[in-house]
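Please review the following briefing alongside the sequence and the coordinates.

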Amino acid sequence: MSLKGKIVFITGASAGIGAATALAFAAEGARLLLAARRTGKLAEVAKAALARGAEAIHSFQLDVRHHRAVQTAIDELPPEWAEIEVLVNNAGLSRGLEKIYTGKVEDWDEMIDTNVKGLLYVTRAVVPGMVVRGHGQIVNLGSTAGEMAYPNGAVYCGSKAAERMITDGLRQDVLGTPVRVTSIDPGMVETDFSLVRFRGDAERAAKVYKGLTPLTPEDVADAIVWAATRPAHVNIARISLTTIHQANSILFHRER
Ligand code: 8X3
C-alpha cells in the first residue's frame, strides 16, 4: 500500500523512535502530522522530514496526558489535515528503575498517564474518523517489557502489558471495518529512553547499552513503515523485535 500523500499522525515525534518514524514516513512521501511536548525539537524534526520527502507537515504541541487538550487538538485540525490514515501512538516513557515498595508514585503516574491513558485519549479522538471513513491504521508502540517483566521495572512493564491488551482489544472492536491495528514491540533501543528514565544521569544511562549493540530508532521505524505498507487486507497484529544481543526482557549478551 502506498502512503504517498496520506496523512500519518505521530505522537512523541520530537525524538527517538517518533522522530525516526517521521523521517521514514517522509521518505514514503506521506503528509505528516507531528505532535510532541517539545516544540523546538519538533521543528527540527519537521525540517528534516521535509528534506527527506514529506509532502507536507503540520506540527503542534501536545501533551497526551491531557484528555481535553488531545480531543481539542484533533477536533480542531484544519480540514485538510483531518483525514488521518495512520496513527502512530508513540509517545511514552519510563521513569525510575526501582522496586515497587520503594518506587515513587509520581513516576508511576507519569508512566501510566502517558503510556496508557495518553494512548487511550489519542485513540479515542482519532479512531472514530477512521471507522466512519472506512480506512486507517493504528500502530501502537509496545515493548518486550509488555511480554515479560524485569526487576525494578514493574510499573513500566505493566504499562506496556496494558498497551498489549488495549491493542488486542481495539483490534477486536474494529473487526468488520477495514481499520488495521498493529503493535510494534521493540526491546532495547538506543534513544533518550534511559536518559529520561534516570532523569538525565548520562553515566547510568550509558551503562544500559554497554557491551552490546542495541536496536536503533531507525530499526523500529522500519518495522512500523513495513507494517503500514502491507496490502490493505493484511493486518500485522504484532512485531516483536530485539537486537541480536537480547533474548527477552532479562537476558542479554554483553561483549565488553
Ligand atoms: C523498552 C524496552 O527493555 O529497554 O521498552 O525497557 S526495555
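**Ligand site and local features**

The side chain of Ser143 places an N or O atom 2.6 Å from an oxygen atom of the ligand, a polar contact being a pair of N or O atoms within 3.5 Å; within protein, one must be able to donate a hydrogen and the other to accept it, and residues adjacent in sequence count only if both atoms are side-chain atoms. This is a predicted model, in which local features need pLDDT of at least 70 and side-chain atom pairs count only at pLDDT 80 or more, while totals for chains, interfaces and linings use all residues. Residues are numbered from 1 along each chain as its sequence is written, and side-chain values use heavy atoms, with hydrogens and water left out.

**Ligand surroundings**

- Tyr150 has a polar side-chain atom 2.6 Å from a ligand oxygen atom, and for Tyr156 the corresponding distance to an oxygen atom of the ligand is 2.5 Å.
- On its own the ligand has 250 Å² of accessible area, of which the protein covers 87%; areas come from the Shrake-Rupley method with a 1.4 Å probe, and for residues only the protein chains shown count as cover.
- Around the ligand are Ser143, Tyr150, Tyr156, Gly187 and Phe193, each with a heavy atom within 4 Å of the ligand.
- This shell comprises 3 nonpolar residues, 2 polar ones and no charged ones, where Ala, Val, Leu, Ile, Met, Phe, Trp, Tyr, Cys and Pro count as nonpolar, Asp, Glu, Lys and Arg as charged, and the others, Gly among them, as polar.

**Loop between β5 and α5**

- Met148 is located in the loop between β5 (137-141) and α5 (154-173); helices (H or I, at least four residues) and strands (E, at least two) are DSSP runs, numbered from the N terminus.
- Met148 counts as partly exposed because its relative accessibility is 32%; buried means under 20% relative accessible area, exposed over 50%, and partly exposed in between (1.4 Å probe, protein chains only).
- Asn152 is found in the loop between β5 and α5 and has a positive phi, near 70 degrees, in a residue other than glycine.
- With 31% relative accessibility, Asn152 is therefore classed as partly exposed.

**Other sites**

- Arg199, in the loop between α6 (193-197) and α7 (202-208), is not a glycine but has a positive phi of about 50 degrees.
- Arg199 counts as exposed because its relative accessibility is 52%.
- Thr21 belongs to helix α1 (residues 16-27), and its side chain reaches the backbone oxygen of Ile17 at 2.6 Å.
- Thr21 has 0% relative accessibility and so counts as buried.
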